[in-house]
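Dear colleague,

Please find below the structure I promised to pass on to you, together with its sequence. My notes on what was found in it follow directly after.

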Amino acid sequence: MTEPLFLTPVFQPKIWGGRKLATEFGYHIPDGKIGELWAISAHPHGPNTIKNGPLAGITLAEAWQDHQDYFGHQTGKVFPLLTKILDANDSLSVQVHPDDAYAAAHEQPGELGKTECWYVISADPDSYLIYGHHAKTREELADMIEKGEWNELLRKVPVKAGDFFYVPSGTIHALNKGIMVLETQQSSDTTYRLYDYDRTDDQGHKRELHIKQSIDVTTVPHHDPKLDVTTETVADATITSYVKPPISPYFAVNRIELHGSLSQEANAPYTLVSVLDGKGQFIADGEAYVIEKGTHFLIPNQIKSWTFTGEMEIITSTPGKEE
């Protein structure tokens with residue numbers, strides 16, 4: 001019998017982080033400003049360790065390399081996805097991510113580009129995102145950046161709990177103060193900072209900016225992606241499909257609002273699961289596993305069907321094209 005892969009979380013300190021990962025989710029986080037929980041990760045900057053079953057004690061990255069039967073014998077060199085929870089106690093830098101081609105040419109070998117998406121877990125009143133820009137040409141973009149015309153350049157979008165944003169590579173963006181999201185992204189840690197509010201760290205140093213790279217990779221002009229969001233009732237669940245290939249080539253993301261029982265069959269080589277609220281069970285191959293708010297796990301290829309039971313809010317994701 002193959003078990004789901006439960007993972008040990010990795011916490012990342014950030015200048016903009018806070019303590020909500022402890023107060024809202026009950027995680028035992030380190031002292032200081034903790035901005036990110038890397039919940040399902042094989043990236044070298046924060047790989048999770050598998051907690052249970054035959055693969056207990058090895059990292060998800062090692063499992064990908066040495067136990068491809070768990071992943072449907074995918075040919076990509078690296079595990080392609082990364083699931084995070086972000087606590088923006090302060091505003092993140094205004095930033096942009098490269099696509100696969102630019103990352104391959106300019107970053108460390110094996111580093112992917114970064115297309116991502118956010119499901120908004122919570123947001124303070126009057127919260128907003130930076131999402132896109134108003135420049136019509138790359139020359140205008142460079143000119144407005146050089147002049148520091150941030151209010152004129154940056155596009156502000158109101159945000160509330162339950163919103164979803166798809167952020168393709170090349171999109172200028174930033175989470176702002178008071179927002180917590182679950183992020184599904186390509187497995188990349190490459191960020192080009194465009195503007196950081198002239199902040200300094202505890203030693204009085206400003207963080208590095210990446211103006212040339214940002215201008216190189218930003219999509220000009222900005223266009224909001226056209227998503228085909230659908231919602232359906234299945235058994236005791238409401239399932240919302242936010243993105244999937246071909247609109248989102250790298251991943252599909254769904255939200256399950258469960259009040260009872262939902263049985264599903266695998267439609268991908270493996271499935272990533274994050275429980276955002278509530279408590280229940282994951283049942284597969286006659287075994288039941290207690291899952292609750294803050295649980296993250298991977299359903300491997302050997303598990304072809306399963307059942308969720310309980311009262312829960314769940315985000316699932318599956319891979320798109322192979323990297």
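E116 is buried in this predicted model, because its relative accessible area is 2% and the cut-off for buried is under 20%. The residue belongs to strand β7, which covers residues 116-123.

The surroundings of E116 may be of interest to you. Its side chain makes a polar contact with the side chain of H173, at 3.1 Å. Beyond the neighbours within four places in sequence, E116 is in contact with H97, Y166, V167, P168, H173, E183, T184, Q185 and F251.

Turning to the protein as a whole, its secondary structure consists of six helices and 20 strands. For 323 residues, a compact globule would have a radius of gyration near 20 Å, and the value for the protein, 20 Å, agrees with this. Along the principal axes, the C-alpha atoms fill a box of roughly 65 × 40 × 40 Å. Of the contacts with a separation of 6 or more, 72% are between residues 24 or more positions apart.

As to burial and surface, 53% of the 323 residues count as buried. The accessible surface comes to about 14200 Å², and carbon and sulfur atoms contribute 48% of that. There are 27 positive and 45 negative side chains in the protein, with the centres of the two sets 4 Å apart.

With kind regards

Terms used:
Residues numbered from 1 in each chain as written. Predicted model: local features only at pLDDT ≥ 70, side-chain atom pairs only at ≥ 80, totals over all residues. Heavy atoms only, no water. Helix = DSSP H or I, 4+ residues; strand = E, 2+ residues; numbered from the N terminus. Buried < 20%, exposed > 50% of the residue type's maximum accessible area, 1.4 Å probe, protein only. Polar contact = N/O pair within 3.5 Å; in protein donor to acceptor, adjacent residues only side chain to side chain. Contact = heavy atoms within 4.5 Å. Rg over C-alpha atoms; globule rule 2.2 N^0.38 Å. Areas by Shrake-Rupley, 256 points an atom, 1.4 Å probe, with all protein chains shown as cover. Lys, Arg positive; Asp, Glu negative; His and termini not counted. Charge placed at Lys NZ, Arg CZ, Asp CG, Glu CD.
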